[in-house]
Every structure is written in C-alpha cells, then in structure tokens.
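Subject: Handover of the structure and notes on it

Hello,

Here is the structure I promised to pass on. Please open it alongside these notes.

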Amino acid sequence: MLEALIYGAVIALISGTALPFLYRSKNARKASFSLSFISSILLLVFAGIVLYTGKEPVFPAFRFLPGLDFTLAADRLSAGFVLLIAVVVPGVSLYSVEYVEHAKGEARKDLQTALTNLFILAMLMVVLAGNMVGFLVFWEIMSLSSLMLVLHDYSSEESKKAGLFYFIMTSLSTAFLFMGFMSLFRLTGSAEFGQLDYPASLLTLPFLCLFTGFGIKAGLVPFHKWLPYAHPAAPSSISALMSGVMLKVAIYGFLRFLLSVSFPQLWWGTLILVMGSLSAVLGVIYALKESDIKRLLAYSSIENIGIIFMGIGLYLIFKLEGFEALAMLSLVGACFHAFNHALFKSLLFLCAGSVVHATGTRDIEAFGGLIKRMPHTAVLFLVGSVSIAALPPTNGFVSELMLFQAYFYSSALLDPLLKVLLIITLSVFALTSALAAALFVKVFGITFLALPRTKYAEEAAEATNPMLLGEAVPAALCIFSGLFSSRILVLLGFDLGIPDMLSLGLILGGACGLIWLAVRNSGPSESPRISKETWGCGMLGQNSTMEYSSAGFSEPLVVIFKKIYRTEISTTRTYSDTKESIFKSGTVRIHLIKFFEERLYLPAAYAVSLVSSQVSRMQNGKLDTYVLYVFIAVLTLMTFTRYYA
Amino acid sequence: MISSFLADPTFLEDMVRILFVFVLITAALILSTRNIASLLTVYAVQSLLLVLIASSLYFIEGNRTLLAIAALTLVSKVLLIPIFINIIGEKIKISRDLKFNYLEPTPSLLVSMGLILLAYVFLSGFFNEFILSKLFFMGAVIGLSLTLMGMLVIFSRRKVITKVIGYLTMENGVLLFGIFVADLPFIIEILIVIDLMILVLLTTILAIGLDSTSEEYHQRLQTLKIWSGGEEQ
Amino acid sequence: MNASFLLFALLNTGFIMLISPFFMSLIKKVKAYTQGRKGPSLLQSYFDLRKLMQKEVVYSPNSSGIMRITPYLNLGVLLVATLFVPVVFIPDTPAGIGNIIVFLYLLAIERFFTALCGLDAGSTFGGMGSSRLMSLSAVVEPTMVISFAALAYVLRTVNFHEMFAVTAGSTIPESPTLTLISISLFIIIIVETGRIPVDNPATHLELTMINEAMILEQSGKNLALIELAHAIKQTILMAVLINVLAPWGLATELTFASFMIACLFFLVKASMLAGLIGLFESSIAKMRLFRLPGFYMMAFFFSALTILMEVFA
C-alpha cells in the first residue's frame, strides 16, 4: 500500500518532468501539472498513514555505486515534511496551469513546467532519502533545478545577479553539508542516518558544519542575503515552493541530524535559540523597510525561519534541563510552524504573483485600491496576512501560541542565567510577532485598500479562475488547520493542552453574528446607504497622492530602529561667503548600509577572489608545468604516507 | 496591625525586594531624565529608598548601626545635598541637560540591564548561598549594579551637575553594597558623607565658575583662540 | 460548553458591557474636575452611544468591505475577550477560554483590523493613525508579554481563570512580584487604551492623535460599536489589574448574594482605578511621539526587573 503510493507519486512526478519535453504543447503542460497534483494527493494519503500509524517503512531501491545503496525510508519526522510538501503542491500546480502561460516563449513555458516537477521530486526525495549519499545527491538536484528556475528570465540583469548570488550561497551550503556528513561518516563508518551515541565533543564539528550548511539554505541571519535576491527573480509559483517547501527541507535535514544525537550539549541549544531570535527580529525589521512585494515576503520568510529555529533551540534547552513536556511542546510548535509557514507563505506568494501579473510591477507604492479590482485575490491575501500576523483562530497563531506557552511555563527552570536568556529571547519573540502584524497591515493596506496610486493599479483585472483556485487551496487549509489544530495534533498523538481554536472560532463567529442581529435594525430606516467623500480637512477632490505610502507607513519604525537600519546621511555644503553663513548649494545623500552585504559578504568575496587570482597564476597552460605539479604531488604523497599513515 | 507586619520577616523581605526594583528604576531615571529639577527629586527619592531599606533591615536584623546609617542618609542625602545642588542649579540657570555622550537613554537602559546581569554573574563567583542569604546576595548585586549605572551616568551625560548626581548615585551603590555585605564601619560612612558634602560644595564653586559642560571648560582652557562658528554647543 | 459557563458568559459579558461606558465618563469627569471644570454627566457615554445608534452610517466611496466588517469584528472580539476575564465569579472553564496568550492576541485582532480600517478610506489621517498605532504597539509588545509572562511565572499557570482563583483565595498579594506586576499592568492600561502620555483621547489634532485618527471616517452605529468596544477593552484591562492586586469580592461559585457583592465590589474598585487613571492623565503632559519608545523602554526595564527579581531572589 505505502509502496504503491510512494512509487505512484514518484512516477507521476517523473512523467510530469518528461512530458513537456516530449510533447511541447499547452495540453502537455496542463497534463504535467495535473500529474504533480495527483502525486501530491498520493503523498497526502501516504503521509497521513505514516503519521497516524507510526509505521517506519523502508523501500529497497537500487545500488548506484558499489557499497552505496540508495534507499528510501520514512518515519514520522519525514512523513511530517512529506505532508508539508503535499499540502503546498496542489495549490501551486493548480495556480501554475494558468500562471506558466504568462512566461515569454514556448520553450520557457515547457522548461518551467518540467523543472517545477523535477524540483518537487527532488525535494520529496531529499526528505525520503534513507542515507547521506542519497540525501546529498537529491539536495544538489533540488538546488540546481531551483537555480534554473530562478534564472528563468535569463536575459535580465537582475535575474543574472540573483542567480549568481543564489548559486554561490547554495554551493556554500552544500560544501558545509558535505563536510558535516564526511565527518559524521568518519565517526560512524556508515552513511546511514542512525542514532549517534557519541559524546558531544566528537560531534561538535559535524554540528557546526551542518548548522551552517542548513542555516545557509534555510536563510538564517547572517546567511540570509540570497533570499531577497532569489525570490523576486523567480516566478511566483516557484517562490511559493522555494519559500514554502525548500527552506523547510533544510529544517528537516537539520532536525534529522539533531534528533539522532543522543547527548547534545546545552550550548548547541543556546546557539540555535540566539541565531533564531536574531533572524526573526532582523528579518521582520528589514521587511518593514522593503517596498518590493516579493522581496518583502522573502524577508518575512527569514523571520519565520528564525521562529522555527527558536522552537528547535528551546526544544534542546528544555530537553537537556529535563522538561520533556515543554521540549515536546517546543519541537511540535517548531514543526507546526514550519507546516503553517509553508501554507501561508505559499498563499501569499501566489497572491503576490497574481497582483504582480495584473499590475506589471512589484513595487507596492504603485498599488492601491486593488480590493475593488481584484476582490477575490484580496480576500485570499487577507487570509494569508491574518495567519502570518498570528491572529487567532488561524494556524499561524496556534504555532506561535505553542512557543509562547513553552516560554510561559519555563518558570520551573533552575539555572538563573538560562532563564535570563529565555526572558531576553521571549521579548525578542514578542517584538517580532508584533512587528509582523505591523508589516502585514502595511502590505495589505497599501496594496489593496484606498485609491489606486498609478494607472497600472487602476487597470488591474482579477486573476483567472485556476489561479484563484490555486490560491484558495492553501487559504482554506490555513483556516482549517487553525480551527482543528488541537484535534489534528491529538489525532497524531500530541496531546499538548493547547486551547481549542474551534470553540474559540465558533464563539467569535457567534458573537459577531449576534451583534449584527442586534444592531441590524437600528438607525434611520429611510436612508439605506449614504456615501460621502473621505474627509480631507475641507479640501475637495481627494486623490491618491494624499494617501499614506508604504515608506510613510513604516517611517515611525524606521526612526525607532534607525540604529539597525544604519542609514548614513552625508551632506556637502558650499557657502557664498568665507565665514560660511550664506548657504549657496549643497547635496544630501541618504545611503542605506547593507550591513551584511558590505561588512561580511563583500570582504569574503574579495578574499576569495584574491586567493583565486593567485591560484590562477599557477594555471599557465604549459604541459611541462603540469607534469611538474604531478611530480611534486607524487613526492609529497610518498613522504606523507611514509611518516603519517 | 503595622507592628505585626514589622515583626514578620518574610513581609519585610518582600518589602526590601520591591524597594530594590525601585532603587534600580530611580537609577534608570537618572540615566534618562532631562530636567535637572526632576533629576534631583529622583536622587532624593533614591536616597529615601535606601533609608527605607536600611530601616527594614534593622527590623529584620536588629543591628543598631543600620538605624544610624538610615538617619545619616536621611539628613545628608535626602535633605542637605539636594538642597545644595538646587542652589547651584538656580545660580547657573541650567534647567535641562539634553545632550548625551556615547549612549542615548534608550540603549543605555539596555546596557544597564546587561550590567545587572554582569554584576550577578560576577558576584555569584564570589559568594554562594552558604555565605549569604538570597536577599543579601541580591542586595550586593543591586548595590554593585547601582555603582556601575552611576558610572554610566558620569560618562554618558554632559553637564557637570548631572555628572555630580551620577557620582552620588555611585556612592549610593557603595552604601547599599556595604549594608548588605561588608558591614561598613559607621565611622567610614560618616567620612564618606563628609567627603560628599565637600564634593558638592566644590562643585558649586567650580560649576558657577565654568558654566555648564566639561567641554566648555576644555574650550576655555584653550584660551579663547579663534571663534569657530557652527560648532556644536 | 456547559450551562454554568453559558450563565457566566451572559452575566459576565452583560455586566462588563453595561458598566464599561460609565468608566469612560468617570475618567472624563475626574479630568474635568482637576481642570476646574464641571465636566459631562456620568451617563454621557450612554447618551452618546444612543445618539450614534440612531444616526445614519456614511461610507466613503473609496472604502471597502473592511470598513463595514471591522466594527462588528472589533466588538465581537472584545466580547469574547470578556469571557477571559471573570469579574463576577469564576466558572468551570472549558478548554481554550482564559489563556493569556489568546487574550493578548484577541486584542491584536482588534488592533490589526482597526489599523486596516484607518487605511481603508484613503485619508491621510487614517494612514497616520494606523502607522503610529502599529509602530507603537509593536514597541510596547515586549513589555506586555514580559508582564504577562511574569504573571504566569508567579502564579504558575497561563490561564486567567486559574490565576484569579489563586489570587482570590488569598488576602494579601501572593508575592512582592505581583505588586510590581500591577504597576506594569497599569502602564499597559494607559498604553493600550490610548491615554496621555501616549495618545490624547480628547483631541482631534493631527500632531497628537493615534486612535481618534483611525476612526475618523466611522459614523453612526458603526462608530457606536467601535466606541463600545474601546470602553470594554478598557474595563477588561482594568479588571485584570484589579483581579491580580485586589481580588476581594470575586466569587468562586455563583449564588445570588455573591453575584451582587462581586458586582458591587468590582464597581467600587474599578471606579477608584478609573479615578486614578484620570488623575494620572491630568498630572502629566502628552509626550512627543518619538519620545515614546524611551518611555516604553522604561516600562520594559521595569517589567524585566520585576521578572529578574523573581528569577534571582
């Protein structure tokens, strides 16, 4: 049964990859997306069965190098992430059927369709990989297929830059993972994922490597910079997949390692918690300043990844201090947040894609009034905003609630300094979630409400039905998994004592309904609806330039957090007289210092290019020189093996 | 009713804990208040809190010296010194101190939280619960952090008059530390208070002589060279 | 969901809804007295609500459905929030009601939609109000969460109903920390209900206003619902403080006598608190907008110290 499901899904995805190349028509693309839709249904059933029964199926597969079997295996952890893939993919494939047709040229449409399927397949296989080799192979396929999707608009400068940035970061990530897995392999002598019963001191190197590697891929500060470049460049459906699923695959890999370690150390938990809080708060603070809608959503992903890592850090800390229940609460909270983020962030990216398509720009300063022109998209985007701003009774709230609850119950913790750490990160967490609410008031309000600011927004038209349907799937799941959160978790065997959102939602709905009934008939009955212009201090003819803009909306926060944004204001002045009292002319330059880029990435890049320019001098193209190199290498090797091995 | 509360050591200890928080709040206010008159009031309140702490401790411990310290603090720091400084303030006509060096008030509050932690970590290396009870240990921590916050005031505020208040805060910290840990001999406490009086008197003379900020003092030392306009005052 | 809880919902919510406008007028009255005026009648808020209910609703042509649903949603959310804060008696709580985090986020729903409403009509005032509200509420959120976490630390539960059952059972505050937390809660009331020094509820001047700016475009019964929601929010926040610091009279089971006593006691205590808020408002000046983060930082420092004191001592 389980085998049939998995193989069915894999075969569907493989044929979905091949089909557009074979037939090259609109129908083939449609069929390809239907195949990915079908595969996601199969995966949904598969994940449900594994999660519910707790079976741990292992599927024997082929051997592609002597001694290196490639197996597929699933347990509840990987089933959870298969579920995550299975809930994001249906919406994306429904959406893409129409969306992919907006790409320029037939070849690009086919390529995008095929690569989307391949990308989904690779992510699925990473999650199901039974050993390190398979994991790394599919990890690379995942990275490369997404890279090609980021580069889909390969003629534009922006895409090239984004692609290069993404390529470097993702290679770096793989390099760290490789180092981490190699050192694990040296320790255990096997490439299987198994329990690591080693003292923590031996595992320090693998931990640091894997944390960095997965951190880069997940977009943890300070390795987050590729996200805001890659997401705007990629098609929106791919952004939804990358942000919704690929980042979570990195989380999965990290959890796979972390949960197999028998004796972790406290400082690991502290490190993860601190890095997580830093990502969360910096991500949302940077997002507030942004006015490119997709870049803004990318920064918001960094924030949510930070929250997930905070949950993981809390899990480690509570576990090592002996609070099993709290540890479980934080871990399930982190995983549930990953799941929720996959839902609402894919929803938001898909809606953003519709908006960008309808208006032709990504700048939210150019939007406005879209709720009148795209009412359905607006409602769906509102659902996403409400979930990501963690308002009850949606799913985004439930996972943050779990983490808050873990924090609030931590009074029994003994070590005072650890408590202080928790208090600090708790306040950072509170700040983050309130800033996220501010962020999504801004995004929704500036994009959809009031008057259109440009003619593009004025002429925008509602998205077509398949696209709306693709957005409706994650939106419905956001509300469903919020309302039934505690029931679903109990069904999966996690009875964590979190408040029941269903009853809360019903009471809330009931209260609003009662109020509506109560005041329905009050007021003068003869005047059905009066419409008067917005008050503008007596000025008539209100227009869109009077509205608050995106930059204006976030200005108070920009002023409050000016230390973090590090804007540099430089002025030059010239005067008409020698005593410098009559001002003649001058310039003011406001420059936003991209702290991580200018202080961390560029110096590293310069160092690398310096070293490589030295290395390239050795490559002079003469055969004799190369033989010399080989000669030296052989001599060195002989000496080395004689004395050290 | 009241006497039964005074006889109850847990109630008194709870009181002292609440007072600790208020002492730190006054220190934070000294870091951020801009109005000189309010600054003085805050300092007087801080000293009054110390008086209260010392007297509650007397009711817990019964050590007469504590009562003497309380009385001395009441006379000198709650009454005399603020009056002196008030006189200076009126003479030099400064009502506000708006500028800050290195640290703005908001970050300096964050820094002071760090200082409290540091004080805790530092002292927990020296004392453990066998030597000092939790309350006394906490008193030491608060005393040390008060001293450090006073130092913060001295370098982060501009006007001499505020710096003096910073110095006085530091001394309050030392006093608090002394009450809880070192059993400062009473005579030393008296000497310190006399020192403070002299300090304040000296400041009166100096401050009236050299207006308001130490930068200006440096400027004057460089003997009225050329007037460079547009310089920040 | 049982009969006793249903009764609680009716009595508690009804009581809070009934008395909330009174405290709004009371604070106005106290402020008027300190300024040497006579001030409006103590029932003025009720008259205002009745007047608004009878007026027609005017919508801007720019506005959308957000403007139309927000008043209902806001009041609905706050009515649900009243279930979290028992003032008449503490019922057998069904799961999910009374959780402090849910309570905090119910207030966040109200904030979120009020801010959207401010942007909806495209007025400059509305946008200004929402921008300021969301910015300032973000900065004050750590203080709120830390204060509530301190409550949870001291009383060892995250449920208001259980907390108040503990405090109602003792005569003096359980721990010194509770006294300190009450001060933080007082600051939170001031901030959350938009009072001086954070916001000035009495003006319509664009330099100062936050909350009033967002509801400028509301009218008629919608405005009445929003005003009522605001009054209820003030009452339940006051009720949290009262139940933590001075829970006398709060019954743990329902009889007619205990109900009357609880109502009467709450009325007296809340009137005193409202008077205190009025005096506090009269005694200080409105702060400049960008001085507020400093004020919040001070509040945060205070709450953090409170919880540190609980941790260390």
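What follows is a short account of what was found, element by element. One caution comes before the rest: this is a predicted model.

**Contact between chains C and A**

Start with the contact between these two chains. Chain C puts 70 residues into it, and chain A puts in 65 residues. On the side of chain C that touches chain A, several elements give two or more residues, including α2 (44-54), α3 (65-84), α9 (220-245) and α11 (292-312) of chain C. The largest share comes from α5(C), with 18 residues. By class, that side of chain C has 46 nonpolar residues, 16 polar and 8 charged.

A strand pairing also links the two chains. Strand β5 of chain A (residues 530-531) pairs with β1(C) in the parallel sense, over 2 bridges. Look at Ile530(A) there: Val58(C), in β1(C), stands opposite.

**Helix α4 of chain C**

Helix α4 of chain C covers residues 100-120, 21 residues in total. From first C-alpha to last, α4(C) reaches 30 Å, close to the 30 Å expected at 1.5 Å a residue. Of the 21 residues of α4(C), 20 are buried, so the helix is largely enclosed by the rest of the structure. Gly122(C) follows α4(C) and has a positive phi, near 80°.

**The nonpolar core**

The largest nonpolar core has 404 residues. Which residues touch the most other members? They are Val82(A), Ile85(A), Met123(A), Val126(A) and Ala149(C). Helix α12 of chain A (residues 324-359) gives this core its largest share, 22 residues.

Neighbours within four places in sequence aside, Ile85(A) is in contact with Leu43(A), Ile120(A), Met123(A), Leu124(A), Val127(A) and Val245(A).

The domain assignment of chain A gives domain 1 (1-155) and domain 2 (600-644). Taken over C-alpha atoms, the centres of domain 1 of chain A and domain 2 of chain A are separated by 40 Å.

Tyr565(A) sits in helix α22 of chain A, residues 562-565. Is Tyr565(A) buried or partly exposed? Tyr565(A) has 17 other C-beta atoms within 10 Å, and is therefore partly exposed; a residue counts as buried at 20 or more, and as exposed at 12 or fewer. Leaving aside neighbours within four places in sequence, Tyr565(A) is in contact with Lys289(A), Val558(A) and Leu592(A). Ile593(A) is 28 residues from Tyr565(A) along the chain, and 7.3 Å separate their C-alpha atoms.

Leu592(A) brings us to the strands. Strand β6 of chain A (residues 567-575) pairs with β7(A) in the antiparallel sense, over 9 bridges. In that pairing, Arg573(A) has Gly586(A), in β7(A), as its bridge partner.

**Chain B**

Chain B has 9 helices and 0 strands. From the N terminus on, the elements of chain B therefore read α-α-α-α-α-α-α-α-α. Of the 233 residues in chain B, 41% are buried. Take the contacts in chain B between residues at least 6 apart in sequence: 74% of them join residues at least 24 apart.

Best wishes

Methods: Residues numbered from 1 in each chain as written. Chains lettered and ligands numbered in written order. Predicted model: local features only at pLDDT ≥ 70, side-chain atom pairs only at ≥ 80, totals over all residues. Helix = DSSP H or I, 4+ residues; strand = E, 2+ residues; numbered from the N terminus. Expected span 1.5 Å × (residues − 1). Domains from an automatic or database assignment. Contact = placed C-beta atoms within 7 Å. Nonpolar A, V, L, I, M, F, W, Y, C, P; charged D, E, K, R; others polar. Pairing = 2+ DSSP bridges. Core = buried A, V, L, I, M, F, W, Y, C linked by C-beta atoms within 7 Å.
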